[in-house]
Amino acid sequence: MPSSEPRPTIHIPGTTSHTIAPRAGHGSREGTLRYLRAGTGAPVVLLHTVRTQAEHFRSLIPLIADQYTVYALDLPGMGYSEIVPGASYDEPAMRAGVKRLLTELDLHDVTLVGESMGAVLALTTAADLPERVRRVVAVNTYDFPGGIARSSLLARVVVAGALAPGVGPVVAGVEPKAVFRRILQGGVVDKTALREDYVDELLQVGSRSGYAGVARAVYQSLPSLIAARSRYSEVKAPVHLVYGEKDWSRPSDRQADKELLPTADFTQVPGAGHFIALERPDLLADLLNAVA
C-alpha cells in the first residue's frame with residue numbers, strides 16, 4: 001500500500017501480515033488482498049463482518065493458533081486490502097476474493113469460519129470449492145432483509161442516509177466516533193467487548209482514500225447476500241450454524257437457514273449478539289479446537 005495510506009495500529013501476537021497480488025490479466029478488476037497468518041496445523045480461514053477487517057478476530061486467533069494455521073483475510077476493499085476504483089463489492093465479487101486466497105495459497109482441508117457477511121461467503125465459497133473445504137462454521141449469517149439496520153434506530157438512519165441517492169456518498173464518508181461506536185455497540189450485548197482501540201482502528205481504516213465508496217457499496221450489497229442463500233443447499237462440507245441469542249436475525253431467519261442446511265449442527269449462544277468473535281471468542285475456539 002502507498003506510504004501515505006494509514007497502517008494497522010493493532011498487533012496480534014504471533015501473527016504476520018501478507019499480501020496476495022492480483023492475478024495476471026485480472027488487474028483491472030482485482031486488487032491486492034491483505035491477510036494475517038499465525039500458528040501451525042490444518043488451515044482455518046477467518047472471514048470478517050460488514051465494515052470490519054481481519055483484526056476483528058484478534059481475540060480468537062491466539063486461542064486456535066496452537067491447533068491451526070490461521071489465515072484472517074481483509075475482504076476486497078476492506079481493512080488494508082486494495083481499494084480498486086469502480087470495483088464491485090457484491091457477494092460474488094467478495095467470494096472471488098476468498099477463493100483467490102484458497103487457490104493462490106493452494107490451501108486444502110480448509111475450515112472456513114465466517115461471521116455475518118463472512119458467514120455467507122464461507123458457505124458460498126464451500127459450494128464453489130468443495131475439494132478444498134473440510135468444514136464451515138457460519139456465525140450469524142448476514143442474509144436477511146434490513147441487515148444492520150435492524151440493530152437500532154441510529155443504524156437505520158445512518159444506513160438509509162448512506163444509501164440515499166445524491167447525498168449517500170457524503171454520508172458514508174462521515175463517521176463521527178461517538179455515532180460509529182454506538183452503531184457497533186448494537187452488535188454486542190456486553191459493551192466492554194467492543195474495545196476502544198478497535199474502534200479507533202476501524203475509524204482509521206475508514207479514512208483511507210476511497211473507503212467511503214467501499215462502505216456504501218457493501219451496504220448496497222445486502223440483496224446479493226440474501227440471494228446467495230440459494231447456494232447453501234450445494235454445500236457438501238459439514239456445517240455448524242452459530243447464532244447469538246440477541247443477533248439481529250429473527251427466529252424465522254434462523255429456521256429458514258436450518259431448513260436449507262438440514263444436516264448442519266446448530267448452536268445458539270445465550271446473551272450474545274451479532275459480534276460473537278468479540279464477545280465469545282472462547283466459544284468459537286472450543287468449537288474449532290474440538291475437531292482440529
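Helix α6 passes helix α7 in a right-handed crossing; a crossing is right-handed if the near helix is turned clockwise from the far one by less than a right angle, and left-handed if anticlockwise. This is a predicted model, in which local features need pLDDT of at least 70, side-chain atom pairs count only at pLDDT 80 or more, and totals for chains, interfaces and linings use all residues. Residues are numbered from 1 along each chain as its sequence is written, and side-chain values use heavy atoms, with hydrogens and water left out. Helices (H or I, at least four residues) and strands (E, at least two) are DSSP runs, numbered from the N terminus.

**Helix α6 against helix α7**

- α6 and α7 pack at an angle of about 115°, and their axes are 11 Å apart.
- Axes are lines fitted to C-alpha atoms, for helices over the stretch in contact, and angles run from 0 to 180 degrees between N-to-C directions.
- α6 is therefore roughly perpendicular to α7; that class covers 65 to 115 degrees, while under 35 counts as roughly parallel, over 145 as roughly antiparallel and the rest as oblique.
- From α6, Lys177, Phe180, Arg181 and Leu184 meet Glu196, Val199, Asp200, Leu202 and Leu203 of α7; contact means heavy atoms within 4.5 Å.
- The residues of this contact divide into 5 nonpolar, no polar and 4 charged.
- Ala, Val, Leu, Ile, Met, Phe, Trp, Tyr, Cys and Pro count as nonpolar, Asp, Glu, Lys and Arg as charged, and the others, Gly among them, as polar.

- In α7 (residues 196-206), the buried residues are Tyr198, Val199, Glu201, Leu202, Leu203 and Val205.
- Buried means under 20% relative accessible area, exposed over 50%, and partly exposed in between (1.4 Å probe, protein chains only).
- The cover over the buried residues of α7 includes α6 (177-185), α8 (211-220) and α11 (276-279).
- α8 is itself mostly covered, with 7 of its 10 residues buried.
- Those buried in α8 are Tyr211, Val214, Ala215, Arg216, Ala217, Val218 and Tyr219.
- Ala212 also belongs to helix α8, but at 24% relative accessibility it counts as partly exposed.
- Ala212 and Lys258 are 46 residues apart along the chain, and 35 Å separates their C-alpha atoms.

**Helix α2 against helix α3**

- The axes of α2 (residues 91-104) and α3 (residues 117-128) come within 9 Å and cross at roughly 65°.
- α2 and α3 are therefore roughly perpendicular to each other.
- α2 passes α3 in a right-handed crossing.
- α2 brings Glu91, Met94, Arg95, Val98, Lys99 and Leu102 to the contact, and α3 brings Met117, Val120, Leu121, Thr124, Thr125 and Asp128.
- These contact residues of α2 and α3 divide into 6 nonpolar, 2 polar and 4 charged.

**Arg231**

- Arg231 sits in the loop between α9 (222-227) and β7.
- Its relative accessible area is 17%, so Arg231 is buried.
- Leaving aside neighbours within four places in sequence, Arg231 is in contact with Arg95, Thr124, Ala127 and Asp128.
- The side chains of Arg231 and Glu234 are joined by a polar contact of 2.8 Å.
- A polar contact is a pair of N or O atoms within 3.5 Å; within protein, one must be able to donate a hydrogen and the other to accept it, and residues adjacent in sequence count only if both atoms are side-chain atoms.

**Asp247 and Asn140**

- Asp247 lies in the loop between β7 (239-244) and α10 (251-260), and counts as buried at 6% relative accessibility.
- Not counting residues up to four places away in sequence, Asp247 touches Asn140, Arg254, Ala272, Gly273 and His274.
- A polar contact of 2.5 Å joins the side chains of Asp247 and His274.
- Asn140 is in the loop between β6 (133-139) and α4 (153-163), and is buried with a relative accessible area of 0%.
- Asn140 has a positive phi of about 50° although it is not a glycine.
- Most residues other than glycine have a negative phi.

**Other single residues**

- Asp106, in the loop between α2 and β5 (110-115), also has a positive phi of about 50° without being a glycine.
- Asp106 counts as partly exposed, at 47% relative accessibility.
- Thr15 is in the segment before β1 (16-20), and is buried with a relative accessible area of 9%.
- The Thr15 side chain reaches the backbone oxygen of Ile12 at 2.6 Å.
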